[in-house]
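Try each task before reading its solution.

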Amino acid sequence: ASPPDPHRGGPAAWRRRGPVRVEWLERAPEPLRERLEPARYEQLVSALTLLVGWEALIVLRDTRGLSAEQAGDVSAWAARALLAAAAPDGSVPGER
């Protein structure tokens, strides 16, 4: 069997954890949805999943030696950077 399309979720066996996380991540960039092609929006949601959860914190703490607060700041900064990169005009809704 071929692997599922990473932008479509795939069979239940491939989506063992994080359904609430994915639902939240799909809603978070909602203001950009109408400004992006569907595939680009799905790519953005997939990229944002790399920044949330204990996995991201472990990498930042173990590899970079950051405190929990610093790791959270870096994840938030990276999320804003992804949102700006995905937006056609580089603006992030809600940012000043």
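Helix axes here are lines fitted to C-alpha atoms over the stretch in contact, and angles between N-to-C directions run from 0 to 180 degrees. This is a predicted model, where local features need pLDDT of at least 70, side-chain atom pairs count only at pLDDT 80 or more, and totals for chains, interfaces and linings use all residues. Numbering starts from 1 along each chain as its sequence is written, and side-chain values use heavy atoms, with hydrogens and water left out.

**Exercise 1.** Work out which secondary structure elements the chain has, and in what order.

Solution. Helices are DSSP runs of H or I with at least four residues, strands are E runs of at least two, and both are numbered from the N terminus. Counting gives five helices and zero strands. Reading from the N terminus, that's α-α-α-α-α.

**Exercise 2.** Describe how H4 and H5 pack.

Solution. Start with the geometry: helix H4 (residues 54-64) and H5 have axes 9 Å apart, at an angle of about 120°. Next, find who meets whom, taking contact as heavy atoms within 4.5 Å. From H4 come Ala56, Leu57, Leu60 and Arg61, and they meet Ala68, Ala71, Gly72, Val74 and Ser75 of H5. Sorted by class, that's six nonpolar, two polar and one charged residues. For the sorting, Ala, Val, Leu, Ile, Met, Phe, Trp, Tyr, Cys and Pro are nonpolar, Asp, Glu, Lys and Arg are charged, and the others, Gly among them, are polar.

**Exercise 3.** Find which residues Leu25 contacts outside its sequence neighbourhood.

Solution. Leu25 belongs to helix H1 (residues 19-27). With 3% relative accessibility, Leu25 is buried too. Skip neighbours within four places in sequence, and the contacts are Val45, Leu48, Thr49 and Val52. Take Val45: 20 residues from Leu25 in sequence, yet 6.1 Å away in space, C-alpha to C-alpha.

**Exercise 4.** Zoom out: what share of the chain is buried?

Solution. Of its 96 residues, 25% are buried.

Technical notes: Buried < 20%, exposed > 50% of the residue type's maximum accessible area, 1.4 Å probe, protein only.
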